[in-house]
Amino acid sequence: MKKRRLGTSELYVSEIGLGCMSLGRDEKHARSLIDQALELGINFLDTADLYDQGLNEEFVGRALKSRRNDIILATKVGNRFEVGKDGWWWDPSKKYIKEEVKESLRRLGTDYIDLYQLHGGTIDDPIDETIEAFEELKQEGVIRYYGISSIRPNVIKEWLKRSNIVSIMMQYSLLDRRPEEWFSLIQEHNVSVIARGPLAQGLLTERPLKKASERVKNNGYLDYTFDELKEALHSIDSACPDRTRTETAIKYVLHQRVVASCIAGASKQEQLLENVQAAKAKDLLEEEYEALINATKQSLYTIHRD
């Protein structure tokens, strides 16, 4: 598995990372997926304190106990919750971040986090205070680096300008090309993109479109109507006839040098294997890339821009 440098950090992450949110609540099953991911060459695992109210972090921590130093471990903070109660609320305060990191460390069974990410963000946040919390945690050796998980351009611009983030996690795929407008700015600041959702809720896999959820059938996907989606998927397949759709989707995202890793969730071992095989395939030819550009929409973020 090839690795890419995360921003200006000393972290080199596998081109496919394991998104742990989809591991589920069966620890034995979760452990089997993590074990397989590591065997396949994945060294980058992404979780969050919010996932199953900390249970996900506990599963990941126990699975990595004997091999912690071989793994680049990422988690997230900012969505405050009470165990056993529904819902959560946003809290990017310095006080909360410095308290909650202790809970994540406990659940993960480690004394440091490689990449600590703000799990969201708004332009009205006390951004300098939040940055101060991350910087202090770095100085204390509790975290190695920090980043944000956000698709809001106005938030991203402020963090690029005011902080030392090494990464931005963004939803990005052939069917959601909105981040591309901001890639040059992100690159100028020597920050990497971590692409989540590269398979667009399974639409960019071999699963027939007729098996898509009723929500997709009724509403389409983002700014694609259902008919436009059918046409786009046909054009994507035609652009790369010798590749699986999963391979095409992942190689398209990895074609962008600003992308350090694709975080792909997997609830089955077959899915995990398909994702890794796709990443290991030959890079896109330039004519394939151009055909994919023409097959899909160059959409833009319409809100949270300024």
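Buried means under 20% relative accessible area, exposed means over 50%, and partly exposed is in between, with a 1.4 Å probe and protein chains only.

A word on the source. This is a predicted model, where local features need pLDDT of at least 70, side-chain atom pairs count only at pLDDT 80 or more, and totals for chains, interfaces and linings use all residues. Residues are numbered from 1 along each chain as its sequence is written, and side-chain values use heavy atoms, leaving out hydrogens and water.

Back to Glu-158. What does Glu-158 form a salt bridge with? Its partner is Lys-161, and the closest N and O atoms are 3.3 Å apart. A salt bridge here is a side-chain nitrogen of Lys or Arg within 4 Å of a carboxyl oxygen of Asp or Glu. Lys-161 is exposed, at 60% relative accessibility. Glu-158 and Lys-161 are three residues apart in helix α5, residues 153-162, so about one helical turn separates them. Helices (H or I, at least four residues) and strands (E, at least two) are DSSP runs, numbered from the N terminus.

By this rule, the count is 32 salt bridges. Here are some others.

Take Arg-305 and Glu-181. Their side chains meet in a salt bridge at 2.6 Å, N to O. Arg-305 sits in the segment after α11, and Glu-181 in the loop between β10 (167-171) and α6 (183-188), so this pair ties together parts that are 124 residues apart in sequence. Arg-305 is partly exposed at 24%. Glu-181 is partly exposed too, at 29%.

Next, Asp-283 and Lys-251. This salt bridge has its closest N and O atoms 3.1 Å apart. Asp-283 is in the loop between α10 (269-280) and α11, while Lys-251 is in helix α9, 32 residues away. Buried or exposed, what is Lys-251? Lys-251 is buried, at 3% relative accessibility. Asp-283 is partly exposed, at 48%.

There is also a network. Salt bridges link Lys-94, Lys-98, Glu-132, Glu-136 and Glu-140.

Last stop: helix α11, residues 286-295. Which residues of α11 are buried? They are Glu-288, Tyr-289, Leu-292 and Ala-295. These residues cover an arc of only 125° around the axis, so they lie on the same side of α11. That arc is taken from the directions from the helix axis to the C-beta atoms. On the other side of α11, Glu-287 and Asn-294 are exposed. What covers the buried residues includes α8 (226-239) and α9 (245-254), where contact means heavy atoms within 4.5 Å.
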